[in-house]
Amino acid sequence: MSRLGRVTDTGVGRALRARVEGWLRVLRDDLWTIRADPMPASTWLRWLPHGLVCLAAFGVTFGAVGQLVDNGGVGPQIAFPLGLAQGGAMVLALWRPISAWWLSTAAMLLGALEVRRHLLAGGALDFTWPWTSAGIIGHMAVLLLLALRVRTRVSVEALALTMLLTYVVQGLLGAAGYSSTGVLAVTLFAVVVVLGTALRGRREARAELVEQTTLTAEERTRRTLLEERSRIARELHDVVAHHMSVISIQAQVAPHLVENPPDELRENLAGIRQNALEALIELRRVLGVLRSEHTGPGEPFGEAGDETTPHAPQPTLDRLDALVENTRAAGREVVTHIQGERRPLPPGVELSAYRIVQEALSNALRHAPGARITVRLTYEPDGLEVEVVNGRPTGPPPPSTGAGHGLLGMRERVAMLGGTMTAHLWHWDGFKVTAFLPDTPPADTPGTDHPTARRKGTS
């Protein structure tokens with residue numbers, strides 16, 4: 001004893017004590033709990049797993065009672081509570097698997113001790129011991145539900161304690177004249193724990209994959225939206241820069257158009273010109289940042305004003321005929337209709353209308369091979385309505401390499417101008433895009449309380 005005490009007082013003994021205490025704390029945190037871990041509800045068969053478990057629990061309860069009374073020599077007043085506990089543990093495992101494991105383990109242990117008493121007295125000859133058949137089935141179900149709901153470490157701990165209990169009851173306590181079920185029970189318990197852990201890992205992997213796929217799709221949509229807004233900003237820069245250049249030139253020329261202009265007028269015009277020049281410098285800086293990022297793949301056509309020709313003017317509806325001719329040159333039938341009195345519109349409206357038609361034609365080329373395309377421009381008193389319709393395709397569309405967010409760019413342009421847009425399937429597998437672009441800027445946020453927003457819906 002003195003020698004053992006000296007070893008225990010050493011650093012090795014203290015480290016061993018600390019490790020054992022740590023293991024005990026882990027076991028207490030993992031298994032000494034009544035937290036709820038309910039089974040997930042199925043979408044189509046919401047209560048089917050619960051019903052099957054309850055039906056199996058009913059069978060385990062009456063099977064355990066019958067075995068204990070008929071073959072184990074246990075009285076009904078003891079057998080019935082033990083059977084009810086084993087079956088009830090299966091039902092409880094649907095919501096609180098750890099508590100159910102404790103209940104099932106306690107019922108099995110009490111049943112084994114009661115049967116052992118009858119075996120030693122010779123009243124239960126050749127009975128299955130230490131665990132009954134019904135008890136093994138019930139405990140397997142509890143361990144399976146436990147492994148499906150909790151961490152792998154907790155499942156392994158529960159399995160290890162069950163194995164240890166089996167060894168203590170059968171190997172250390174022992175009995176006489178029984179059919180051993182210890183090895184079979186331990187094997188089956190290990191199999192169901194491995195199976196439950198594998199199914200749980202597979203379910204978690206699938207859930208994580210779905211989550212990552214959703215996040216990737218959202219990030220792709222967000223990135224495409226930012227790229228489209230950047231592209232719109234690059235194009236509108238040219239429009240704004242043109243107006244600022246005109247203001248600067250007019251402010252410089254204006255004093256020469258007035259005989260003996262007052263000094264105050266000269267100072268004001270000089271200030272206007274200086275502010276316009278400073279605004280142009282800032283716009284060029286912003287343009288340099290925007291043009292440093294190349295346009296993403298799949299953008300339709302290479303037009304003036306993009307990265308290939310960064311200093312060319314932005315296109316307007318005056319170039320619509322050339323755009324249509326390019327589409328016809330690709331072997332497609334394109335019909336154009338212009339209704340109302342054609343008039344010059346604000347540059348932003350002209351540019352957006354051109355880009356919407358361009359993107360709609362590009363989508364029709366990619367997704368509706370052989371279909372007839374109709375482009376209709378309607379000049380209304382308060383703006384411009386753009387409509388592009390393609391008919392039913394004559395063949396299957398080829399695989400598309402684009403990002404699939406052309407409609408997103410159209411909506412961004414329309415929302416920027418305070419207009420409305422619809423895009424939906426048309427008759428016989430066709431497609432129709434309609435956008436209304438007001439020729440005056442909205443007084444409030446686009447899409448709210450503006451007359452053009454009230455007159456047309458958005459889809």
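A salt bridge is a side-chain nitrogen of Lys or Arg within 4 Å of a carboxyl oxygen of Asp or Glu. By this criterion, the structure holds 15 salt bridges. This is a predicted model, in which local features need pLDDT of at least 70 and side-chain atom pairs count only at pLDDT 80 or more, while totals for chains, interfaces and linings use all residues. Residues are numbered from 1 along each chain as its sequence is written, and side-chain values use heavy atoms, with hydrogens and water left out.

**Salt bridges**

- R151 and D30 form a salt bridge whose closest N and O atoms are 3.0 Å apart.
- R151 lies in the loop between helix 6 (133–149) and helix 7 (152–173), and D30 in helix 2 (residues 11–31), so the pair ties together parts that are 121 residues apart in sequence. Helices here are DSSP runs (H or I, at least four residues), numbered from the N terminus.
- D30 is buried, with a relative accessible area of 2%, whereas R151 is partly exposed at 43%. Buried means under 20% relative accessible area, exposed over 50%, and partly exposed in between (1.4 Å probe, protein chains only).
- A network of salt bridges links D30, R151, R153 and E157.
- Within helix 5, R117 and E114 are 3 residues apart and thus separated by about one helical turn. Their salt bridge has its closest N and O atoms 2.5 Å apart, and E114 counts as buried at 14% relative accessibility.
- E359 and R366 meet through their side chains in a salt bridge of 3.6 Å, N to O. E359 is buried, with a relative accessible area of 9%, and R366 is partly exposed at 25%.

**Cavities**

- The structure holds 2 cavities of 30 Å³ or more. A cavity is a set of points, on a 1 Å grid over the protein atoms alone, where a 1.4 Å probe fits but cannot get out.
- The largest cavity has a volume of about 60 Å³; a volume is the space filled by probe spheres set on the points, and grid points are joined across faces, edges and corners.
- The largest cavity is lined by L68, Q86, A107, M108, G111, A112, P130, W131 and T132, where lining residues have an atom within 4 Å of a point.
- Helix 5 (residues 97–120) gives the most to this lining, with 4 residues.
- The lining of the largest cavity comprises 6 nonpolar residues, 3 polar and no charged. Nonpolar covers Ala, Val, Leu, Ile, Met, Phe, Trp, Tyr, Cys and Pro; charged covers Asp, Glu, Lys and Arg; the others, Gly among them, count as polar.

**Nonpolar surface patch**

- I249, V253, L257, V258 and L265 make a nonpolar surface patch of about 440 Å². Such a patch is made of residues with over 30% relative accessible area and no salt bridge, with nonpolar side chains (Val, Leu, Ile, Met, Phe, Trp, Tyr) joined within 5 Å. Accessible areas come from the Shrake-Rupley method with a 1.4 Å probe.
- L265 is placed in helix 9 (residues 263–291) and counts as partly exposed at 32% relative accessibility.

**Separations in sequence and space**

- L55, in helix 3 (residues 48–70), counts as exposed at 59% relative accessibility. L55 and V91 are 36 residues apart in sequence and 9.4 Å apart in space, C-alpha to C-alpha.
- G409, in helix 12 (residues 406–417), is buried, with a relative accessible area of 3%. Between G409 and R355 there are 9.2 Å in space, C-alpha to C-alpha, and the two are 54 residues apart in sequence.

Terms used: On a 1 Å grid over the protein atoms alone, a cavity is a set of points where a 1.4 Å probe fits but cannot get out, and a pocket is an open set with protein on both sides within 12 Å along at least five of seven lines; lining residues have an atom within 4 Å of a point. Helices (H or I, at least four residues) and strands (E, at least two) are DSSP runs, numbered from the N terminus. Patches are made of residues with over 30% relative accessible area and no salt bridge: like charges are joined within 9 Å, nonpolar side chains (Val, Leu, Ile, Met, Phe, Trp, Tyr) within 5 Å.
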